[in-house]
Amino acid sequence: MSFSLIDPALEPIATKVLAGERLSASDGAVLYRSRDLIGIAQMADHVRRRLNGDRVYFMVNRHINPTNICENRCKFCAFSRSKGQKGAYEMTLDEIVTAARECVPEGAHEVHIVGGLHPEWPFEFYVEMVARLRDALPDHVIIQAFTAVEIEYYAQISGLTTLEVLRRLKEAGLDAMPGGGAEIFSERTRLAAWEKKTSADDWLRIHGEAHSLDIKTNCTMLYGHIETIEERVDHLVRLREQQDASGGFLAFIPLAFHPANTELADLPGTTGYDDLKTLAVARLMLDNIPHIKAFWIMVGLKVAQLATAFGVDDIDGTVVEERITHMAGATTPEALSKDDLVSLIFETGHTPVERDTLYRVVRVYDDAPSSGSSKTPAEDG
Ligand code: V47
Ligand code: SF4
(Lines give C-alpha, C1' and ligand atoms only; values in the text may rest on other atoms or scores of the structure.)
(Ligands and ions follow the chains in the order given, each with its own letter.)
Protein backbone atom coordinates (compact mmCIF):
# COMPACT_ATOMS: atom_id res chain seq x y z
CA MET A 1 0.00 0.00 0.00
CA SER A 2 1.34 3.43 -0.88
CA PHE A 3 -0.05 6.84 -1.71
CA SER A 4 0.68 8.85 -4.87
CA LEU A 5 2.00 12.06 -3.38
CA ILE A 6 3.01 15.18 -5.29
CA ASP A 7 4.42 17.02 -2.25
CA PRO A 8 7.65 15.39 -0.94
CA ALA A 9 7.07 17.07 2.46
CA LEU A 10 4.21 14.59 2.96
CA GLU A 11 6.43 11.48 2.61
CA PRO A 12 7.44 11.18 6.31
CA ILE A 13 3.81 11.72 7.32
CA ALA A 14 2.68 9.00 4.90
CA THR A 15 5.16 6.59 6.50
CA LYS A 16 3.67 7.32 9.94
CA VAL A 17 0.09 6.99 8.61
CA LEU A 18 0.84 3.57 7.11
CA ALA A 19 2.47 2.45 10.37
CA GLY A 20 -0.51 3.74 12.39
CA GLU A 21 1.76 6.16 14.28
CA ARG A 22 0.55 9.36 15.92
CA LEU A 23 1.22 12.60 13.99
CA SER A 24 2.92 15.53 15.73
CA ALA A 25 1.78 19.16 15.84
CA SER A 26 4.44 20.02 13.25
CA ASP A 27 3.07 17.24 10.98
CA GLY A 28 -0.32 18.95 11.33
CA ALA A 29 1.14 22.28 10.19
CA VAL A 30 2.89 20.59 7.23
CA LEU A 31 -0.41 19.01 6.19
CA TYR A 32 -2.24 22.33 6.44
CA ARG A 33 0.45 24.16 4.41
CA SER A 34 0.69 21.49 1.68
CA ARG A 35 -1.14 22.03 -1.62
CA ASP A 36 -1.27 18.28 -2.26
CA LEU A 37 -4.93 18.00 -1.37
CA ILE A 38 -5.40 14.66 -3.11
CA GLY A 39 -2.34 13.24 -1.34
CA ILE A 40 -3.82 14.32 2.01
CA ALA A 41 -7.21 12.88 0.99
CA GLN A 42 -5.64 9.48 0.22
CA MET A 43 -4.04 9.34 3.66
CA ALA A 44 -7.23 10.48 5.43
CA ASP A 45 -9.25 7.90 3.47
CA HIS A 46 -6.80 5.20 4.52
CA VAL A 47 -7.31 6.07 8.21
CA ARG A 48 -11.04 6.39 7.81
CA ARG A 49 -11.27 2.93 6.18
CA ARG A 50 -9.16 1.44 8.96
CA LEU A 51 -11.54 2.89 11.57
CA ASN A 52 -14.92 2.81 9.85
CA GLY A 53 -14.67 0.63 6.72
CA ASP A 54 -16.83 1.91 3.88
CA ARG A 55 -19.64 3.11 6.17
CA VAL A 56 -20.95 6.65 6.09
CA TYR A 57 -23.29 7.44 8.96
CA PHE A 58 -26.29 9.74 9.09
CA MET A 59 -29.25 10.10 11.42
CA VAL A 60 -32.83 11.24 11.65
CA ASN A 61 -32.74 14.06 14.16
CA ARG A 62 -34.16 17.43 15.03
CA HIS A 63 -32.37 20.57 16.21
CA ILE A 64 -34.17 22.81 18.72
CA ASN A 65 -32.79 26.19 19.85
CA PRO A 66 -34.98 27.16 22.86
CA THR A 67 -33.88 30.81 22.87
CA ASN A 68 -31.52 33.14 21.04
CA ILE A 69 -31.32 35.54 23.98
CA CYS A 70 -27.72 35.34 25.14
CA GLU A 71 -25.51 37.07 27.69
CA ASN A 72 -22.30 36.38 25.73
CA ARG A 73 -22.82 38.02 22.32
CA CYS A 74 -19.75 36.45 20.65
CA LYS A 75 -18.55 38.44 17.65
CA PHE A 76 -18.93 35.51 15.25
CA CYS A 77 -22.55 34.81 16.21
CA ALA A 78 -25.48 36.08 14.12
CA PHE A 79 -28.00 34.02 16.06
CA SER A 80 -27.93 35.73 19.47
CA ARG A 81 -29.94 38.75 20.59
CA SER A 82 -30.18 40.75 23.80
CA LYS A 83 -33.40 40.55 25.83
CA GLY A 84 -35.95 42.94 24.31
CA GLN A 85 -34.01 43.33 21.05
CA LYS A 86 -35.89 42.90 17.76
CA GLY A 87 -35.74 39.26 16.68
CA ALA A 88 -35.20 37.91 20.22
CA TYR A 89 -37.31 34.82 20.95
CA GLU A 90 -37.86 32.33 23.74
CA MET A 91 -39.77 29.06 23.57
CA THR A 92 -41.94 27.77 26.40
CA LEU A 93 -41.40 24.29 27.78
CA ASP A 94 -44.63 23.21 26.07
CA GLU A 95 -43.35 24.49 22.72
CA ILE A 96 -40.02 22.70 23.18
CA VAL A 97 -41.74 19.40 24.04
CA THR A 98 -44.16 19.77 21.12
CA ALA A 99 -41.29 20.44 18.68
CA ALA A 100 -39.41 17.40 19.99
CA ARG A 101 -42.43 15.11 19.75
CA GLU A 102 -43.05 16.13 16.13
CA CYS A 103 -39.93 14.28 14.98
CA VAL A 104 -40.90 10.94 16.55
CA PRO A 105 -43.23 9.81 13.71
CA GLU A 106 -40.43 10.71 11.26
CA GLY A 107 -38.28 8.05 12.95
CA ALA A 108 -35.95 10.42 14.83
CA HIS A 109 -33.32 9.01 17.15
CA GLU A 110 -32.06 12.33 18.54
CA VAL A 111 -33.18 15.76 19.65
CA HIS A 112 -30.26 18.17 19.62
CA ILE A 113 -30.76 21.19 21.87
CA VAL A 114 -28.50 24.24 21.99
CA GLY A 115 -29.47 27.78 22.97
CA GLY A 116 -28.35 31.16 24.24
CA LEU A 117 -27.43 31.98 27.84
CA HIS A 118 -30.75 33.44 28.98
CA PRO A 119 -30.41 36.11 31.71
CA GLU A 120 -33.62 35.11 33.56
CA TRP A 121 -34.22 31.37 33.13
CA PRO A 122 -33.14 29.52 36.30
CA PHE A 123 -31.21 26.24 36.19
CA GLU A 124 -34.39 24.40 37.27
CA PHE A 125 -35.96 25.39 33.91
CA TYR A 126 -33.33 23.29 32.09
CA VAL A 127 -33.69 20.36 34.50
CA GLU A 128 -37.44 20.44 33.92
CA MET A 129 -36.92 20.73 30.16
CA VAL A 130 -34.86 17.53 30.10
CA ALA A 131 -37.21 15.70 32.48
CA ARG A 132 -40.28 16.63 30.43
CA LEU A 133 -38.57 15.66 27.19
CA ARG A 134 -37.51 12.31 28.67
CA ASP A 135 -41.11 11.70 29.72
CA ALA A 136 -42.54 12.70 26.36
CA LEU A 137 -40.11 10.85 24.09
CA PRO A 138 -39.64 7.13 23.51
CA ASP A 139 -36.43 5.67 24.99
CA HIS A 140 -34.74 5.32 21.61
CA VAL A 141 -34.78 9.11 21.10
CA ILE A 142 -31.55 10.38 22.62
CA ILE A 143 -31.48 13.80 24.28
CA GLN A 144 -28.26 15.48 23.17
CA ALA A 145 -28.32 18.86 24.84
CA PHE A 146 -26.33 21.86 26.11
CA THR A 147 -22.77 22.79 25.19
CA ALA A 148 -20.03 23.09 27.81
CA VAL A 149 -20.63 26.86 27.63
CA GLU A 150 -24.24 26.37 28.73
CA ILE A 151 -23.17 23.92 31.46
CA GLU A 152 -20.70 26.49 32.83
CA TYR A 153 -23.43 29.16 32.79
CA TYR A 154 -25.88 26.89 34.67
CA ALA A 155 -23.17 26.38 37.33
CA GLN A 156 -22.80 30.17 37.64
CA ILE A 157 -26.55 30.84 37.99
CA SER A 158 -27.22 27.91 40.34
CA GLY A 159 -24.14 28.08 42.57
CA LEU A 160 -23.48 24.40 41.83
CA THR A 161 -20.25 23.02 40.39
CA THR A 162 -20.25 22.02 36.73
CA LEU A 163 -19.99 18.37 37.83
CA GLU A 164 -23.13 18.78 40.00
CA VAL A 165 -24.95 20.47 37.11
CA LEU A 166 -24.08 17.55 34.84
CA ARG A 167 -25.19 15.05 37.49
CA ARG A 168 -28.57 16.77 37.91
CA LEU A 169 -29.12 16.89 34.15
CA LYS A 170 -28.14 13.25 33.74
CA GLU A 171 -30.57 12.25 36.51
CA ALA A 172 -33.28 14.18 34.65
CA GLY A 173 -32.55 12.24 31.43
CA LEU A 174 -29.68 13.91 29.59
CA ASP A 175 -27.95 11.28 27.45
CA ALA A 176 -25.25 13.13 25.54
CA MET A 177 -23.78 16.58 24.91
CA PRO A 178 -23.11 18.34 21.61
CA GLY A 179 -19.63 19.62 20.78
CA GLY A 180 -20.29 23.33 20.32
CA GLY A 181 -18.69 26.25 22.10
CA ALA A 182 -15.07 25.08 21.75
CA GLU A 183 -14.38 27.61 18.95
CA ILE A 184 -10.54 27.83 18.84
CA PHE A 185 -8.74 27.08 22.09
CA SER A 186 -6.22 29.93 21.68
CA GLU A 187 -6.58 32.60 24.39
CA ARG A 188 -5.59 35.21 21.78
CA THR A 189 -8.65 34.49 19.61
CA ARG A 190 -10.95 34.17 22.64
CA LEU A 191 -9.99 37.59 23.95
CA ALA A 192 -10.40 39.08 20.47
CA ALA A 193 -13.79 37.65 19.52
CA TRP A 194 -15.56 35.73 22.31
CA GLU A 195 -14.15 37.20 25.49
CA LYS A 196 -17.04 36.21 27.79
CA LYS A 197 -17.06 32.62 26.67
CA THR A 198 -15.71 29.53 28.46
CA SER A 199 -11.91 29.21 28.30
CA ALA A 200 -10.22 26.23 26.67
CA ASP A 201 -9.26 24.72 30.03
CA ASP A 202 -12.83 24.95 31.32
CA TRP A 203 -14.37 23.63 28.08
CA LEU A 204 -12.05 20.61 28.18
CA ARG A 205 -12.56 20.06 31.92
CA ILE A 206 -16.36 20.07 31.55
CA HIS A 207 -16.19 17.48 28.76
CA GLY A 208 -13.86 15.40 30.94
CA GLU A 209 -16.42 15.62 33.76
CA ALA A 210 -19.23 14.59 31.40
CA HIS A 211 -17.16 11.60 30.27
CA SER A 212 -16.57 10.62 33.91
CA LEU A 213 -20.38 10.42 34.30
CA ASP A 214 -20.63 8.36 31.08
CA ILE A 215 -22.23 11.25 29.21
CA LYS A 216 -20.77 10.90 25.70
CA THR A 217 -19.98 14.16 23.92
CA ASN A 218 -18.85 15.54 20.58
CA CYS A 219 -16.18 18.15 19.94
CA THR A 220 -15.91 20.95 17.41
CA MET A 221 -13.59 23.63 16.03
CA LEU A 222 -14.88 26.88 14.56
CA TYR A 223 -12.48 27.68 11.71
CA GLY A 224 -12.11 30.22 8.93
CA HIS A 225 -12.11 33.49 10.93
CA ILE A 226 -9.14 35.09 12.72
CA GLU A 227 -7.25 31.95 13.74
CA THR A 228 -3.82 30.86 12.43
CA ILE A 229 -2.85 27.40 11.13
CA GLU A 230 -0.83 26.84 14.33
CA GLU A 231 -3.89 27.67 16.46
CA ARG A 232 -5.99 25.15 14.52
CA VAL A 233 -3.36 22.45 14.98
CA ASP A 234 -3.00 23.27 18.69
CA HIS A 235 -6.79 22.94 19.02
CA LEU A 236 -6.71 19.46 17.47
CA VAL A 237 -3.80 18.38 19.68
CA ARG A 238 -5.60 19.56 22.84
CA LEU A 239 -8.74 17.63 21.86
CA ARG A 240 -6.61 14.55 21.26
CA GLU A 241 -4.99 14.92 24.70
CA GLN A 242 -8.41 15.26 26.36
CA GLN A 243 -9.59 12.14 24.55
CA ASP A 244 -6.51 10.26 25.81
CA ALA A 245 -7.46 11.35 29.33
CA SER A 246 -11.24 10.87 29.36
CA GLY A 247 -12.18 8.94 26.20
CA GLY A 248 -15.79 10.06 25.75
CA PHE A 249 -15.67 12.04 22.49
CA LEU A 250 -17.66 10.28 19.79
CA ALA A 251 -17.19 12.64 16.86
CA PHE A 252 -15.28 15.72 15.80
CA ILE A 253 -17.14 18.31 13.74
CA PRO A 254 -15.24 21.22 12.16
CA LEU A 255 -17.64 24.19 12.00
CA ALA A 256 -17.08 26.39 8.94
CA PHE A 257 -17.39 30.05 9.92
CA HIS A 258 -20.29 31.91 8.26
CA PRO A 259 -19.66 35.66 8.47
CA ALA A 260 -22.96 37.27 7.33
CA ASN A 261 -24.77 39.40 9.94
CA THR A 262 -21.93 39.00 12.45
CA GLU A 263 -19.41 41.51 13.80
CA LEU A 264 -16.82 39.73 11.64
CA ALA A 265 -18.87 40.21 8.46
CA ASP A 266 -15.91 41.66 6.55
CA LEU A 267 -14.16 38.26 6.66
CA PRO A 268 -14.64 36.06 3.59
CA GLY A 269 -15.73 32.76 5.19
CA THR A 270 -14.27 29.39 4.23
CA THR A 271 -13.63 27.86 0.80
CA GLY A 272 -14.48 24.32 -0.30
CA TYR A 273 -10.73 23.66 -0.49
CA ASP A 274 -10.22 24.69 3.14
CA ASP A 275 -13.31 22.75 4.27
CA LEU A 276 -12.08 19.52 2.67
CA LYS A 277 -8.51 19.98 3.88
CA THR A 278 -9.67 20.72 7.44
CA LEU A 279 -11.78 17.57 7.52
CA ALA A 280 -8.92 15.44 6.16
CA VAL A 281 -6.30 16.93 8.53
CA ALA A 282 -8.69 16.31 11.42
CA ARG A 283 -9.04 12.63 10.44
CA LEU A 284 -5.25 12.33 10.37
CA MET A 285 -4.52 14.20 13.62
CA LEU A 286 -7.40 12.87 15.76
CA ASP A 287 -6.35 9.23 15.75
CA ASN A 288 -8.31 8.53 18.95
CA ILE A 289 -11.67 10.08 18.01
CA PRO A 290 -13.77 7.48 16.19
CA HIS A 291 -15.82 9.67 13.84
CA ILE A 292 -15.28 12.80 11.73
CA LYS A 293 -18.49 14.56 10.78
CA ALA A 294 -19.08 16.98 7.90
CA PHE A 295 -22.06 19.04 9.05
CA TRP A 296 -23.79 19.48 5.67
CA ILE A 297 -25.70 22.53 6.92
CA MET A 298 -22.38 24.40 7.22
CA VAL A 299 -20.22 23.02 4.38
CA GLY A 300 -23.06 22.48 1.91
CA LEU A 301 -24.34 19.26 0.43
CA LYS A 302 -21.80 19.10 -2.38
CA VAL A 303 -18.77 19.47 -0.08
CA ALA A 304 -20.33 17.08 2.48
CA GLN A 305 -20.69 14.46 -0.24
CA LEU A 306 -17.10 14.96 -1.49
CA ALA A 307 -15.88 14.89 2.12
CA THR A 308 -16.59 11.15 2.25
CA ALA A 309 -13.37 10.79 0.18
CA PHE A 310 -11.48 13.07 2.63
CA GLY A 311 -11.70 11.07 5.86
CA VAL A 312 -15.33 11.81 6.75
CA ASP A 313 -17.60 8.95 7.86
CA ASP A 314 -20.63 10.99 9.01
CA ILE A 315 -22.75 13.73 7.43
CA ASP A 316 -25.07 14.45 10.42
CA GLY A 317 -28.80 14.25 9.93
CA THR A 318 -32.16 15.53 8.79
CA VAL A 319 -31.85 18.49 11.26
CA VAL A 320 -35.37 19.92 10.42
CA GLU A 321 -34.82 23.47 11.66
CA GLU A 322 -31.43 25.18 11.85
CA ARG A 323 -31.06 28.77 12.96
CA ILE A 324 -27.42 29.35 14.04
CA THR A 325 -25.82 28.98 10.60
CA HIS A 326 -28.78 30.21 8.56
CA MET A 327 -28.88 33.49 10.47
CA ALA A 328 -25.17 33.82 9.54
CA GLY A 329 -25.89 33.45 5.82
CA ALA A 330 -25.99 29.69 5.12
CA THR A 331 -27.88 28.96 1.89
CA THR A 332 -28.23 25.21 2.49
CA PRO A 333 -31.76 23.82 2.98
CA GLU A 334 -32.93 23.76 6.61
CA ALA A 335 -33.81 20.09 6.42
CA LEU A 336 -33.15 16.99 4.33
CA SER A 337 -35.20 13.82 4.10
CA LYS A 338 -33.79 10.45 5.01
CA ASP A 339 -33.97 9.44 1.33
CA ASP A 340 -31.94 12.51 0.35
CA LEU A 341 -29.19 11.55 2.80
CA VAL A 342 -29.18 7.89 1.73
CA SER A 343 -28.98 8.86 -1.98
CA LEU A 344 -26.22 11.36 -1.32
CA ILE A 345 -24.09 8.73 0.45
CA PHE A 346 -25.01 5.91 -1.91
CA GLU A 347 -23.76 7.85 -4.93
CA THR A 348 -20.26 8.01 -3.39
CA GLY A 349 -19.97 4.20 -3.30
CA HIS A 350 -20.06 4.08 0.50
CA THR A 351 -22.63 2.19 2.55
CA PRO A 352 -25.21 4.51 4.14
CA VAL A 353 -25.75 3.59 7.79
CA GLU A 354 -28.49 5.20 9.83
CA ARG A 355 -27.34 5.59 13.44
CA ASP A 356 -28.37 7.05 16.76
CA THR A 357 -26.34 9.61 18.74
CA LEU A 358 -24.19 6.89 20.30
CA TYR A 359 -23.42 5.40 16.84
CA ARG A 360 -25.61 2.38 17.45
CA VAL A 361 -26.75 1.12 14.06
CA VAL A 362 -30.43 1.69 13.25
CA ARG A 363 -30.33 0.44 9.66
CA VAL A 364 -27.80 -0.39 6.94
CA TYR A 365 -28.81 0.51 3.36
CA ASP A 366 -27.69 -1.78 0.55
CA ASP A 367 -29.53 -0.02 -2.24
CA ALA A 368 -30.57 3.45 -3.32
CA PRO A 369 -33.88 4.57 -1.72
CA SER A 370 -36.11 3.90 -4.76
CA SER A 371 -35.62 0.13 -4.40
CA GLY A 372 -36.38 0.35 -0.69
CA SER A 373 -34.00 -2.51 0.20
CA SER A 374 -32.17 -2.43 3.50
CA LYS A 375 -30.64 -4.64 6.14
CA THR A 376 -31.51 -4.51 9.79
CA PRO A 377 -28.63 -4.34 12.31
CA ALA A 378 -29.27 -7.99 13.15
CA GLU A 379 -28.94 -8.99 9.49
CA ASP A 380 -25.77 -6.98 9.35
CA GLY A 381 -24.30 -9.16 12.06
O1 V47 B 1 -21.25 26.64 19.49
C2 V47 B 1 -21.93 30.06 15.95
C3 V47 B 1 -20.98 27.71 16.09
C4 V47 B 1 -22.03 26.08 17.29
C5 V47 B 1 -21.46 30.52 13.89
O6 V47 B 1 -22.22 18.09 18.39
C7 V47 B 1 -21.08 29.20 14.13
O8 V47 B 1 -23.19 16.93 16.83
C9 V47 B 1 -20.37 28.98 11.98
O10 V47 B 1 -22.01 23.01 17.92
N11 V47 B 1 -20.68 30.26 11.68
C12 V47 B 1 -23.36 25.36 17.44
N13 V47 B 1 -20.54 28.42 13.20
C14 V47 B 1 -23.46 24.20 16.47
C15 V47 B 1 -22.78 22.95 16.99
C16 V47 B 1 -23.06 21.66 16.36
C17 V47 B 1 -23.62 21.58 15.11
C18 V47 B 1 -23.88 20.31 14.56
C19 V47 B 1 -23.63 19.16 15.26
C20 V47 B 1 -23.06 19.26 16.52
C21 V47 B 1 -22.80 18.02 17.30
C22 V47 B 1 -22.77 20.51 17.09
O23 V47 B 1 -22.04 26.79 16.07
C24 V47 B 1 -21.69 27.14 18.28
C25 V47 B 1 -20.59 27.87 17.57
O26 V47 B 1 -19.36 27.20 17.75
N27 V47 B 1 -21.36 28.96 15.44
N28 V47 B 1 -22.00 31.03 15.02
C29 V47 B 1 -21.23 31.07 12.60
N30 V47 B 1 -21.53 32.32 12.33
FE1 SF4 C 1 -24.31 33.06 22.80
FE2 SF4 C 1 -23.44 30.78 21.72
FE3 SF4 C 1 -23.99 32.89 20.12
FE4 SF4 C 1 -21.84 32.96 21.74
S5 SF4 C 1 -22.18 31.52 20.00
S6 SF4 C 1 -23.38 34.60 21.48
S7 SF4 C 1 -22.58 31.81 23.51
S8 SF4 C 1 -25.47 31.75 21.36
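The model is predicted.

**Helix 7 and helix 9**
- Helix 7 spans residues 162-172, and helix 9 spans residues 200-212.
- Their axes come within 10 Å and cross at roughly 45°.
- The crossing of helix 7 and helix 9 is right-handed.

**Helix 3 and helix 11**
- Helix 3 covers residues 37-52, and helix 11 covers residues 272-285.
- The axes of helix 3 and helix 11 cross at roughly 45° and come within 9 Å.
- Helix 3 is therefore oblique to helix 11.
- Helix 3 and helix 11 make a left-handed crossing.

**Ligand 2**
- Around ligand 2 stand Cys70, Asn72, Arg73, Cys74, Phe76, Cys77, Phe79, Ser80 and Lys197.
- Five residues of this shell are nonpolar, two are polar and two are charged.
- Cys70, Cys74, Cys77, Phe76 and Phe79 are the nonpolar members, because Cys and Phe count as nonpolar.
- Arg73 and Lys197 are the charged ones, because Arg and Lys count as charged.

Notes: Residues are numbered from 1 along each chain as its sequence is written. Chains are lettered from A and ligands numbered from 1 in the order in which they are written. This is a predicted model: local features need pLDDT of at least 70, side-chain atom pairs count only at pLDDT 80 or more; totals for chains, interfaces and linings use all residues. Side-chain values use heavy atoms; hydrogens and water are left out. A residue is near a molecule or strand if one of its heavy atoms lies within 4 Å of it. Axes are lines fitted to C-alpha atoms, for helices over the stretch in contact, and angles run from 0 to 180 degrees between N-to-C directions. Helices (H or I, at least four residues) and strands (E, at least two) are DSSP runs, numbered from the N terminus. Angles under 35 degrees count as roughly parallel, over 145 as roughly antiparallel, 65 to 115 as roughly perpendicular and the rest as oblique. A crossing is left-handed if the near helix is turned anticlockwise from the far one by less than a right angle, and right-handed if clockwise.
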